[in-house]
Amino acid sequence: MPTEDKWKANMEKVAFAQRFPGLILDWNECAGKTIQAVVPLTGKPGAAVVVFVDASFIIVPPVTPEPWAIGQALIDARTHLEPAHQIAYGEYDRLVKKDKEALRSARLEKIIGAIHNNVEQIPELKDRLRALVKEWA
C-alpha cells in the first residue's frame, strides 16, 4: 500500500536523522568545542545549526530539536558537515529519495482512488479524463 510505504519511508528517514553522526542533543557535550560555523535554520527564524570544527553540531533552540529541524539542519549545514560525514550523508540522501518516491506513489494511488470512487457519481469524469489524456498525448 503506497500510503503505508510513504509512512514507513518517512519514519526510516526521521529515525536515521535523529541518530546522524555528530548530532549533539545535550549542551554539556559542547564544552570545550570550537565553533566552525553558525548556519541559520531555514523555516525557523531565530534558530540555527552550530557546527563545530570536529563536525559535530547542535540545533539551537530548542535543545531537543523536532525531527523536521534535524532534517533541515542536515540540509542547511551540509557544506560544513558532509566532508566529515560522507557515508552518513549518502545514507540520508538514499532515505530522502526513498521518502520522496513513496510520497509520489501515495499521491498517485490517492488520485487513482479518487477517480475510481467518483466515476459512477460523476459521469462526465470519464470524458474529461479522456480529453486530458488526448491533450497530453
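**Burial, packing and the core**

Student: Leaving aside its neighbours within four places in sequence, which residues is Lys-13 in contact with?
Tutor: Contact means heavy atoms within 4.5 Å. With neighbours up to four places away in sequence set aside, Lys-13 is in contact with Tyr-92, Leu-95, Val-96 and Asp-99.

Student: What pLDDT do local features need here?
Tutor: Residues are numbered from 1 along each chain as its sequence is written, and side-chain values use heavy atoms, with hydrogens and water left out. This is a predicted model: totals for chains, interfaces and linings use all residues, side-chain atom pairs count only at pLDDT 80 or more, and local features need pLDDT of at least 70.

Student: Is Lys-13 buried or exposed?
Tutor: Lys-13 sits in helix α1. Helices (H or I, at least four residues) and strands (E, at least two) are DSSP runs, numbered from the N terminus. Buried means under 20% relative accessible area, exposed over 50%, and partly exposed in between, with a 1.4 Å probe and protein chains only. Lys-13 has 16% relative accessibility, so the label is buried.

Student: How are the axes of α1 and α4 oriented to each other?
Tutor: Axes are lines fitted to C-alpha atoms, for helices over the stretch in contact, and angles run from 0 to 180 degrees between N-to-C directions. The axes of α1 and α4 come within 8 Å and cross at roughly 160°. Under 35 degrees counts as roughly parallel, over 145 as roughly antiparallel, 65 to 115 as roughly perpendicular, and the rest as oblique. The two helices are therefore roughly antiparallel.

Student: How many charged residues does the contact of α1 with α4 have?
Tutor: Ala, Val, Leu, Ile, Met, Phe, Trp, Tyr, Cys and Pro count as nonpolar, Asp, Glu, Lys and Arg as charged, and the others, Gly among them, as polar. The contact of α1 with α4 divides into eleven nonpolar, three polar and, for the charged class, ten.

Student: How does α1 lie relative to α2?
Tutor: The α1 and α2 axes are 9 Å apart, at an angle of about 70°. That makes the pair roughly perpendicular.

Student: Which α2 residues do Val-14, Ala-17 and Gln-18 meet?
Tutor: The contact of α1 with α2 has five nonpolar, one polar and no charged residues. From the α1 side come Val-14, Ala-17 and Gln-18, and they meet Pro-67, Ile-70 and Leu-74.

Student: Which residues does Leu-74 contact, leaving aside neighbours within four places in sequence?
Tutor: Leu-74 is among the core residues that touch the most other members. Beyond four places in sequence, its contacts are Ala-17, Phe-20, Phe-57, Tyr-89 and Tyr-92.

Student: How far apart in space are His-80 and Gln-36, C-alpha to C-alpha?
Tutor: His-80 is in helix α3 (residues 78-81), and at 26% relative accessible area it is partly exposed. Not counting residues up to four places away in sequence, His-80 touches Gln-36, Ala-37, Val-39 and Val-51. In sequence His-80 and Gln-36 are 44 residues apart; in space, C-alpha to C-alpha, 8.1 Å.

Student: What is the phi of Ala-55?
Tutor: Most residues other than glycine have a negative phi. Ala-55 lies in the loop between β2 and β3 and is buried, at 5% relative accessibility. Although Ala-55 is not a glycine, its phi is positive, at about 70°.

Methods:
Core = buried A, V, L, I, M, F, W, Y, C linked by side-chain atoms within 4.5 Å.
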